[in-house]
Amino acid sequence: MTDQAYNFAYLDEQTKRMIRRALLKALAIPGYQVPFASREMPMPYGWGTGGVQVTAACLTPEDRLKVIDQGADDTTNAVSIRRFFQRTAGVETTERTTDATVIQTRHRIPEQPLAEGQILVYQVPIPEPLRFLEPRETETRKMHELEEYGLMHVKLYEDIARHGEIATAYAYPVRVEGRYVMDPSPIPKFDNPKLAGNPAIQLFGAGREARIHAVPPYSDVVSLDFEDHPFAASKADHECDLCGSAGSYLDEVITDDRGTRMFVCSDTDFCASRQAQGHRGRLSPQGATP
Amino acid sequence: MNAILTGGFADPSTQSAHAFRALLEAMARPGRIFTVAGAQPPAPISVAAGVALLTLTDSTTPLHLAGDADCEALRGWIGFHTGAPLVPAEQAQFALGGWEALQPVTRFRTGEPSYPDRSATLIVELDRLEPEGARLTGPGIQTEARLSLPETAAFRANRALFPLGFDCILTCGARLAALPRSTTVEDA
């Protein structure tokens, strides 16, 4: 049920128009961070205020919304944002990736390949990939203007010099359509290949930093690397202990105080679907029926 | 007078949401044609151009009206429904008119090297909008798209400015398509 005290999807129409204009420019300049007049939302910065504003600007009453937090539908951030739009927009919600038309995500891309007609909205803490290398906004803006991305390669090179490999495991920088270097938000680098050639529209909202960027469908998105140290999408070298999947991104869960651990899919919908199809992992309950 | 007061969105929040989704999909998938509804702007402006104005413009977006679009009825309609200030082409964030009337398109803002988003969006009224003719490739297009463009040279020159450039929303009746600066346009 919609809370009638609010406009549809919480934000007022003028704010939505402002965000919508920024979204169209973001799509027209793939990977470029468009400044926008980010509003205070009824949740703290760092809880997805940017993603929530982008979702609010995109939602229609007919949408089915899915919200994930590190792949999971049932964690605090996901549940609270899903409830927020249930109340303020009255939209249907779902946990199934294939049924959703809009998916707001914190730091994962669903395992299930996305399709045309779907929109993936990322929550972004720090949109500027060069920020930890150069703290001044005036300088990073100039570096983007001049395509001066040598510093990022130096950072990756230092990884190799120190660790023998590129140790950056999340928020791994990408180059979009051969022009802008973009931070894909702190998704594991395992998800980076899914950014490229994706049929869905990918929108990124950073509330505190007041930036929106986007990757249009079927875009060319290349993870930065070196010829002799090519990019590799890595994950824990295990199978899921609940569904047996060998190809999905895994969370490591400590299960007692003697170092026993289990590995489970980070994407809860993917794992549950596989279990429903009868797939079993090492720690699945014995004799349990799907 | 009545023509000025009517023809806006009856239910702005949901109608503009539907309209924006069409605009978002159009800008994300250049060359693909979408049908929109909800606005009845005065002649000679199309439904799709009216929808784009109501969805994207307001008192913060300077608008340029070119050619036929610069008429008393439309100026009143825009003033009442959006409040967008009317300005010369060089200052416009949005511009509306036929392709001929918008010439020379090099007048419009293409952004600044450090802020390429500070550029104009042209709402181009066309007599014909069909998925045939000029070949489009680039972000948002899987292999190639075809679109009946009034010309290709201006869009090629615009693409050469990337990441600067203007973006176009092409309208015809109740249908619209988009052509962002990132799209490569070739003759059929």
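User: What share of the 188 residues of chain B counts as buried, and what makes a residue buried?

Analyst: In chain B, 57% of the 188 residues count as buried. The word buried stands for a relative accessible area under 20%; exposed stands for over 50%, and partly exposed for the range in between, with a 1.4 Å probe and protein chains only. The model is a predicted one, in which local features need pLDDT of at least 70 and side-chain atom pairs count only at pLDDT 80 or more, while totals for chains, interfaces and linings use all residues. Residues are numbered from 1 along each chain as its sequence is written, chains are lettered from A and ligands numbered from 1 in the order in which they are written, and side-chain values use heavy atoms, without hydrogens or water.

User: Why is chain B called as compact as a globular protein of its length?

Analyst: Chain B has 6 helices and 11 strands, which are DSSP runs numbered from the N terminus (helices: H or I, at least four residues; strands: E, at least two). Its radius of gyration is 16 Å, close to the 16 Å that the globule rule gives for 188 residues, and therefore chain B is as compact as a globular protein of that length. The radius is taken over C-alpha atoms, and the rule is 2.2 Å times the number of residues to the power 0.38. The C-alpha trace of chain B spans about 45 × 30 × 25 Å along its principal axes.

User: What is the corresponding conclusion for chain A?

Analyst: The secondary structure of chain A comprises 7 helices and 12 strands. With a radius of gyration of 20 Å, close to the 19 Å given by the globule rule for 290 residues, chain A is likewise as compact as a globular protein of that length. Buried residues account for 54% of the 290 residues in chain A.

User: Why is A:Glu13 called buried?

Analyst: The relative accessibility of A:Glu13 is 16%, and the residue therefore counts as buried. A:Glu13 is found in helix H1 of chain A. Apart from neighbours within four places in sequence, A:Glu13 is in contact (heavy atoms within 4.5 Å) with A:Asn7, A:Arg20, B:Pro12, B:Ser13 and B:Ser16.

User: What makes the pairing of A:Glu13 and A:Lys16 a polar contact?

Analyst: A polar contact is a pair of N or O atoms within 3.5 Å; within protein, one must be able to donate a hydrogen and the other to accept it, and residues adjacent in sequence count only if both atoms are side-chain atoms. The side chains of A:Glu13 and A:Lys16 are joined at 3.1 Å, and this counts as a polar contact.

User: Why is A:Arg39 called partly exposed?

Analyst: At 31% relative accessibility, A:Arg39 falls into the partly exposed class. A:Arg39 is placed in the loop between strand E1 (34–35) and helix H2 (49–58) of chain A. Its side chain reaches the backbone oxygen of A:Ala37 at 3.1 Å.

User: Why is the pair of A:Tyr10 and A:Phe84 called tilted?

Analyst: Rings of Phe, Tyr and Trp (its six-membered ring) pair if their centres lie within 6.5 Å; planes under 30 degrees apart are stacked, over 60 edge-to-face, and the rest tilted. By this rule there are 8 aromatic pairs over all chains. A:Tyr10 and A:Phe84 lie 5.3 Å apart, centre to centre, with 55° between the planes, and the pair is tilted. A:Tyr10 lies in the segment before helix H1 (13–28) of chain A and A:Phe84 in helix H3 (residues 76–89) of chain A, so the pair ties together parts that are 74 residues apart in sequence.

User: What makes the pair of A:Phe84 and A:Phe85 edge-to-face?

Analyst: The ring centres of A:Phe84 and A:Phe85 are 5.1 Å apart and the planes stand at 75°, so the pair is edge-to-face. A:Phe84 and A:Phe85 are both buried, whereas A:Tyr10 is partly exposed at 24%. A:Tyr6, A:Tyr10, A:Phe84 and A:Phe85 form one aromatic cluster.

User: How do you know that the charge of B:Arg118 sits over the ring of B:Tyr115?

Analyst: The term requires NZ of Lys or CZ of Arg within 6 Å of the ring centre and within 35 degrees of the ring normal. The charged end of B:Arg118 sits over the ring of B:Tyr115 at 3.7 Å from its centre. B:Arg159 lies over the face of B:Phe162, at 4.9 Å from the ring centre.
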